[in-house]
Amino acid sequence: MMTPEQNFMRKIEAEEKIEPKDWMPEAYRQNLIRQISQHAHSEVIGMQPEGNWITRAPSLRRKAVLLSKVQDEGGHGLYLYSATETLGVKRADLIAAMQSGEAKYASIFNYPTQTWADIGAIGWLVDGAAIVNQVSLQRTSYGPYSRAMIRICKEESFHQRQGYELMIALAHGSPAQKAMAQDALNRFYWPALMMFGPHDAESAHSAKSMTWKIKRETNDDLRQKFIDQTVPQIEFLGLEHPDKDLKWNAERGHYDSGEIDWQEFYNVINGNGHCNRQRVEHHIRAHEEGAWVRDAMTAYNAKQQAKTTEQRQAA
Amino acid sequence: MATDNLELYEVFVRARRGLDHKHVGSLHAQDAEQALEYARDCYTRRSEGVSIWVVRSRDICASQEDDSESFYDPSDDKPYRHATYYQLPEAVNNM
C-alpha cells in the first residue's frame, strides 16, 4: 500500500499531472501558490509600463496593437489567478499580499518606459524572455498551471513579434530613431536577463521546485537559451550588443557572457527600483476606485437572493 | 422509462491527467451523485477517463450561435492580434 506522499511522487515521476483534488504535500501547494500568484501579479503590473504609451503611440495602427497587447496581459493575469484559486486561496487575499509587498512580481516592471523604443524593447526582450520561461512551464507538474501556460504561450508570440517589428522600424530608420532603439536595448537587455532569477546555486526555491517538476529547467539554462537566441536578433537590427564580454564558445556550443549586476537585481527586488512605489500605488488606487462596482454587485446579489427566499416562502 | 421528472445533466470527461475535461454528452438522473454513476457506466466503460464532471444542463449559460455575428464582431477587425500579422525577415522569423 502506497502512502499519499509516495503516490504523489509516483505521479510526478511518471510525468503525470497533479490535479486540484489530488493529495499534495502542503509545501508543494504553498510553493505553487507563491509562484503562480507572483506570475499573475507580474502580468497585471506589467500593464502599467506599456499602458504609459498608449495615448502617445505614433500611429493608430501602433496604438491599436499596443492596446491589444496590454489587454492580453490583463487576460493572462486572469488565467493565472484562476489557476491559483484552484489551490484553495481567495483572489482578494492574493491581491492584498501583492499590495502590501508581501508577494512579489517580476522586478523588470519596476523600470520606467522612457521612450517609444522601450515599447519595442519590452515586446522583443521582456516578452521574449517570458516566452522562454513559459514554454518550459507548459510541462509543469500542476495541471491548471500547465494548461494556463499553454494558452498564454499561444497568445504571446504576437507580443514578441510586434515588439521586434517596432525595433526594425526604428533601427532601420533615421539616425535619431536608431539611437533611440540602441538606448532602449542598452537599458532593457540586462534587466531582461535578470528575469530568469538568481544563479542556480543562489536560487532559494529551485531545488525543491525541480524535484517536484514545478520548474522544468533551471534559471541558468533558461537564461542561456535567451542569450543565444537574442544574438542574431541584435545583429539583424544592426545594433551594438550591450554585453561587451559576449563570446561564442565552440566547446560548449553556447555564448559566454558577462556577469549580471546582481546588486542592482536585489536592490530592485527589495523595493528600490525606479518605479516600485509608483506601480503598487497605482494598483491600489485603481483597485479602490473600482470598489463601488464590486460593492454594487454584492448588493445586487444580496437583493436577488432575498427576493428568491421571499418567493419561496410565499409559495 | 419516464425521464420527464428527472434532471438532465451534461457530462464532461478528462481523458488523461493534464487535459481539460471535454464534453461527451448528457443523461437523465435523479441527482448529481446518480448522474456521476450513470456517466461512469455510460461514458467510461472502456477507461475513457480518469475524472468526470456532471453539470445540470439548466445551469449552463450558453451564447447563441445565431447571434455570433454581433457577439464576436469586436474581434473580427483585429488581425493584429495574430502572430502571423507581423511579417519578419527569414533570418529572425523563428520567434
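**Reading chain A**

A: Begin with the elements. The secondary structure of chain A amounts to 13 helices and 2 strands. Keep in mind that this is a predicted model.

Q: What box do the C-alpha atoms of chain A fill?

A: Take the box along the principal axes. For chain A, the C-alpha atoms fill roughly 80 × 55 × 35 Å.

Q: How many residues does chain A have, and what percentage of them count as buried?

A: Burial is read from relative accessible area, and under 20% means buried. Chain A has 315 residues, and 51% of them count as buried.

Q: How do I read contacts against the sequence of chain A?

A: Look at how far apart the partners sit in sequence. Take the contacts in chain A between residues at least 6 apart. Of these, 77% join residues at least 24 apart.

Q: Now a helix pair. At what angle do α4(A) and α5(A) pack?

A: Compare their axes. Helix α4 of chain A covers residues 60-85, and helix α5 of chain A covers residues 91-99. They pack at an angle of about 115°, with axes 10 Å apart. Angles of 65 to 115 degrees count as roughly perpendicular. Therefore α4(A) and α5(A) are roughly perpendicular to each other. Their crossing is right-handed.

Q: Which residues of α4(A) and α5(A) meet?

A: From α4(A) come Leu78(A), Tyr81(A), Ser82(A), Thr84(A) and Glu85(A). They meet Arg91(A), Leu94(A) and Ile95(A) of α5(A). By class, this contact has 4 nonpolar, 2 polar and 2 charged residues.

Q: Let me try single residues. Is Ser146(A) buried or exposed?

A: Read its relative accessible area, which is 3% for Ser146(A). The cut-off for buried is under 20%, so Ser146(A) is buried. Ser146(A) lies in helix α7 of chain A, residues 143-171. Leave out residues up to four places away in sequence, and Ser146(A) touches Lys17(A), Leu137(A), Gln138(A) and Thr140(A).

Q: Is Lys244(A) buried or exposed?

A: Exposed means over 50%. Lys244(A) has 60% relative accessibility, so Lys244(A) counts as exposed. Its place is the loop between α10 (219-237) and β1 (247-249) of chain A.

Definitions and conventions:
Residues are numbered from 1 along each chain as its sequence is written. Chains are lettered from A and ligands numbered from 1 in the order in which they are written. This is a predicted model: local features need pLDDT of at least 70, side-chain atom pairs count only at pLDDT 80 or more; totals for chains, interfaces and linings use all residues. Side-chain values use heavy atoms; hydrogens and water are left out. Axes are lines fitted to C-alpha atoms, for helices over the stretch in contact, and angles run from 0 to 180 degrees between N-to-C directions. Helices (H or I, at least four residues) and strands (E, at least two) are DSSP runs, numbered from the N terminus. Angles under 35 degrees count as roughly parallel, over 145 as roughly antiparallel, 65 to 115 as roughly perpendicular and the rest as oblique. A crossing is left-handed if the near helix is turned anticlockwise from the far one by less than a right angle, and right-handed if clockwise. Contact means heavy atoms within 4.5 Å. Ala, Val, Leu, Ile, Met, Phe, Trp, Tyr, Cys and Pro count as nonpolar, Asp, Glu, Lys and Arg as charged, and the others, Gly among them, as polar. Buried means under 20% relative accessible area, exposed over 50%, partly exposed in between (1.4 Å probe, protein chains only).
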